[in-house]
Amino acid sequence: MTAQLIINGLSLGAVYALIAVGFAIIFNILKFSNFAHGGFMTVTAYVGFLATRFWHTSLLATLLIASLAGGLLGLLAELVAFRRIRNNKSPVIYYFVSSITLGMLLENLMTIFFSTNFYSYPNFFPVDTIKLGRLIIGVPDLIMFCISTLALIILAGIIYRTKLGAALRSVSYDLDTSGLMGINVLRIIQLAFFLAGFLGGISGVFLGISYTLYPQLGQMVVKGFIASVIGGLGSLEGAVIGAFLLGMVEIFLIRLVGSGISPVFIFVIMLLFLLVRPRGIAGSHIQEKA
């Protein structure tokens with residue numbers, strides 16, 4: 001039973017990791033918590049659903065369409081909601097307010113166009129489960145874990161093995177100094193929003209598959225925020241670690257106390273963790289400004 005719960009927790013944690021890393025990428029550069037990321041996930045989940053409805057796309061094609069839509073949405077969000085704030089060197093609290101407003105706008109737009117009805121993705125998998133001895137592995141969970149892990153590995157390769165990744169890491173330390181060194185800061189910020197939106201597209205589709213599709217689906221971004229806090233705000237590695245820990249803890253709590261009350265315990269655990277180690281597991285020194 002414990003092994004079964006761990007497998008389920010790892011699968012859930014992989015999806016949370018996509019959310020948390022998308023969240024952490026923006027925090028790393030602009031030092032604010034981008035709650036508009038939840039709106040990105042909601043919109044891309046509907047984009048993926050529409051692709052399956054009208055074009056009968058496969059899972060991989062649906063993920064590609066949704067993730068590209070998420071990347072473009074991220075670029076649009078940077079242009080409309082955040083660029084003027086950065087150009088005016090406004091306090092970081094303006095980013096935070098703008099991100100919440102944008103997230104609510106995107107969710108309400110989905111409500112206007114799709115109402116509050118619940119939708120379901122088609123079944124992409126001919127076989128629902130695989131039995132390995134006493135373990136029962138859900139095929140959707142296995143596929144989500146593999147694709148999420150692959151996406152995170154590719155992202156790590158981009159960040160740590162390419163010139164763009166080096167520029168991204170440089171800008172995350174100091175925007176102004178990076179600009180003086182010849183780095184096109186605007187392009188790197190756009191890259192960060194594109195990558196965050198791209199990951200938001202993948203996680204949006206997976207959340208739409210795992211749960212029913214509804215306009216408030218993006219509120220799951222709170223789980224990414226909790227994972228980022230546990231891992232250490234500003235740390236991509238910490239976000240991944242925190243996400244997998246959160247996924248396993250949540251699965252065990254659902255088993256022990258039920259799904260209704262488990263969120264309460266998760267928030268209590270996060271608060272206790274902050275009291276013991278406020279910098280998170282990765283020990284990041286980056287702090288959100290007010």
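Glu250 and Lys223 form a salt bridge, with 3.2 Å between the closest N and O atoms. Glu250 sits in helix α10 (residues 236-257) and Lys223 in helix α9 (residues 221-231), so this pair ties together parts that are 27 residues apart in sequence. The model is a predicted one.

**Salt bridges**

- The count of salt bridges comes to three.
- Side chains of opposite charge can pair when their charged atoms come close.
- In the pair that joins α10 and α9, Glu250 has a relative accessible area of 7% and is buried, because the cut-off for buried is under 20%.
- Glu78 is buried, at 1% relative accessibility.
- Arg83 has a relative accessible area of 19% and is therefore buried, since the limit is under 20%.
- Lys89 and Asp176 meet through their side chains in a salt bridge, at 4.0 Å from N to O.
- This pair links distant parts of the chain, 87 residues apart: Lys89 belongs to the loop between α3 (59-87) and α4 (92-114), and Asp176 to helix α7 (residues 175-180).
- Lys89 is exposed, because its relative accessible area of 65% is over the 50% cut-off.

- Helix α2 covers residues 37-55, which is 19 residues.
- From its first C-alpha to its last, α2 reaches 26 Å, close to the 27 Å expected at 1.5 Å a residue.
- Most of α2 is covered, with 14 of its 19 residues buried.
- His56 follows α2 and has a positive phi, near 50 degrees.
- Helix α8 runs over residues 185-210 and has 26 residues.
- The first and last C-alpha atoms of α8 are 37 Å apart, close to the expected 38 Å at 1.5 Å a residue.
- Of the 26 residues of α8, 20 are buried, so the helix is largely enclosed by the rest of the structure.

- Two or more residues of the patch come from each of the elements α10 and α11 (262-276).
- Helix α11 gives the most to the patch, with seven residues.
- An α-helix has 3.6 residues a turn, so residues three or four places apart point the same way.

**Second largest pocket**

- The second largest pocket holds about 310 Å³ of space.
- Its lining is made of 14 residues, and Ser67, Ala151, Ile154, Phe198 and Ile202 lie nearest the centre of the pocket.
- The elements that give two or more residues to this lining are α3, α5 (139-161) and α8.
- The largest share, six residues, comes from α5.
- Helix α8, which contributes to the lining, is also the helix with 20 of its 26 residues buried.

Terms used
Residues are numbered from 1 along each chain as its sequence is written. This is a predicted model: local features need pLDDT of at least 70, side-chain atom pairs count only at pLDDT 80 or more; totals for chains, interfaces and linings use all residues. Side-chain values use heavy atoms; hydrogens and water are left out. Helices (H or I, at least four residues) and strands (E, at least two) are DSSP runs, numbered from the N terminus. The expected span of a helix is 1.5 Å times one less than its number of residues. Buried means under 20% relative accessible area, exposed over 50%, partly exposed in between (1.4 Å probe, protein chains only). On a 1 Å grid over the protein atoms alone, a cavity is a set of points where a 1.4 Å probe fits but cannot get out, and a pocket is an open set with protein on both sides within 12 Å along at least five of seven lines; lining residues have an atom within 4 Å of a point. Grid points are joined across faces, edges and corners, and a volume is the space filled by probe spheres set on the points.
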